[in-house]
Amino acid sequence: MSSARTLEEELAAVRDSLATLGDPWQAGETGLSRLGGESRSARLGVPVPSAEEVERRATLPGEMTEAALGTAGQRCTAANAPTDRLPSAFDLRAAPCGDYLTPVKDQGECGSCTAFAVAAAIEGTAAYTRGVPGLGLDVSEAHLYFGYEAVRERKDHDGSWPDDILGDCVDRGVTFEDYWPYRQDGAGALNPDWPNRLVRAENIIDLTRKPAEIKHHIYGYGPVTACMVVYEDFFHYTGGVYRHTTDKSIGGHACALIGWDDEQGCWIAKNSWGTAWGEDGFFRIAYGEAYIEDYPDPRPTTLGCTGVALRAWLPPQRALGLFASARGGNGWVYLENLGWTRVSGGFGGAGDPLALLSGARAGGYPVIPFVENDELLLVQTNY
């Protein structure tokens with residue numbers, strides 16, 4: 001929309017265009033539509049696509065739609081998949097056993113969307129692959145964006161790419177929010193103890209231009225990062241299945257895909273513009289729309305990881321189950337917010353972790369675990 005238009009005029013134009021399409025989605029006043037054009041654009045943190053790359057994808061929308069609609073019933077092999085066949089609809093917010101997503105966040109007036117998309121994928125994957133919807137992992141977007149991305153050297157840098165940031169999470173890991181809280185102005189600093197409180201992503205998978213594999217990954221491992229072209233009408237989205245009503249694009253944006261619905265022909269996505277935009281911060285977008293399966297750039301832009309390793313003291317929680325083997329001193333504990341976790345050795349001696357866990361479980365007291373790579377190394381009790 002022209003910057004000279006009022007919000008009411010912008011909304012009227014979008015609604016007129018939607019009417020000609022049969023009103024596939026609803027436009028209204030949102031947290032972003034009330035902002036000026038520069039403030040809206042500031043939230044788009046993926047480099048702007050070139051006209052040449054857009055032209056190369058002229059047939060992409062139809063191809064992606066056709067490929068996405070032909071997946072129901074395909075065999076699933078991932079160990080974490082709820083069933084052995086891909087369903088026609090799935091949503092990580094309503095998966096078996098609960099909601100595996102963390103709350104929607106707000107990146108503010110900062111082009112840090114890629115960091116938020118990667119964080120959403122890591123947080124969701126950590127919970128889903130463990131089968132623990134209450135994990136509540138909260139990683140630091142500030143570490144990803146103001147830490148790693150800010151020092152990356154790139155000429156004509158005008159945005160961030162998910163493969164770069166996910167690579168940082170594999171190579172060096174990302175700390176928790178409390179060790180570098182996010183502020184849109186970049187204020188704050190990394191806690192020097194962060195190597196003892198971090199997570200690492202494992203095994204990055206390139207899913208670019210592969211709708212079927214995107215679904216299999218979401219169903220088997222968790223959220224997927226994706227990049228999309230943002231058109232002017234997107235800021236006014238309040239619900240429904242999004243399709244652009246104008247050819248006027250503003251830039252690129254990153255989000256996390258968390259499900260799909262074949263009947264509606266759409267992906268379900270988690271955004272980072274707060275809950276006063278979209279469907280409480282989420283949105284549905286048509287298959288093939290806005291190049292979301294393959295952003296106009298040669299590099300991979302649709303990515304997931306198959307696991308998340310932890311190294312951290314975790315919040316107090318109950319030990320709900322214990323298992324010990326007489327052979328080899330193997331022990332396992334089922335932690336309330338982590339699931340089954342292997343207990344490191346030292347059984348039978350002073351400070352025996354299984355004895356501490358057993359006592360806490362019998363008394364109904366919480367424990368404070370220190371885990372690394374899904375193994376409990378230390379445990380503290382607070383009773």
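## Helix H6

Glu-141, Ala-142, His-143, Leu-144, Tyr-145, Phe-146, Gly-147 and Tyr-148 are the buried residues of H6 (buried means under 20% relative accessible area, exposed over 50%, partly exposed in between, with a 1.4 Å probe and protein chains only). That makes 8 of 8 residues for this helix, 141–148. Helices (H or I, at least four residues) and strands (E, at least two) are DSSP runs numbered from the N terminus.

This is a predicted model, where local features need pLDDT of at least 70, side-chain atom pairs count only at pLDDT 80 or more, and totals for chains, interfaces and linings use all residues. Residues are numbered from 1 along each chain as its sequence is written, and side-chain values use heavy atoms, with hydrogens and water left out.

## What H6 packs against

The buried part of H6 packs against H5, helix H7 (162–171) and strand E3 (174–175). Take Leu-144: setting aside neighbours within four places in sequence, its contacts (heavy atoms within 4.5 Å) include Ala-115, Val-118, Ile-165 and Val-174.

## The nonpolar core

Leu-144 is also among the residues with the most contacts inside the largest nonpolar core, which has 105 residues. Such a core is a set of buried Ala, Val, Leu, Ile, Met, Phe, Trp, Tyr and Cys residues joined through side-chain atoms within 4.5 Å. H5 gives the most to this core, 10 residues.

## H5 again, at the cavity

H5 (113–130) and strand E7 (249–261) each supply at least two residues of the lining of the largest cavity, and H5 has the largest share, with 6. A cavity is a set of points on a 1 Å grid over the protein atoms alone where a 1.4 Å probe fits but cannot get out, and lining residues have an atom within 4 Å of a point.
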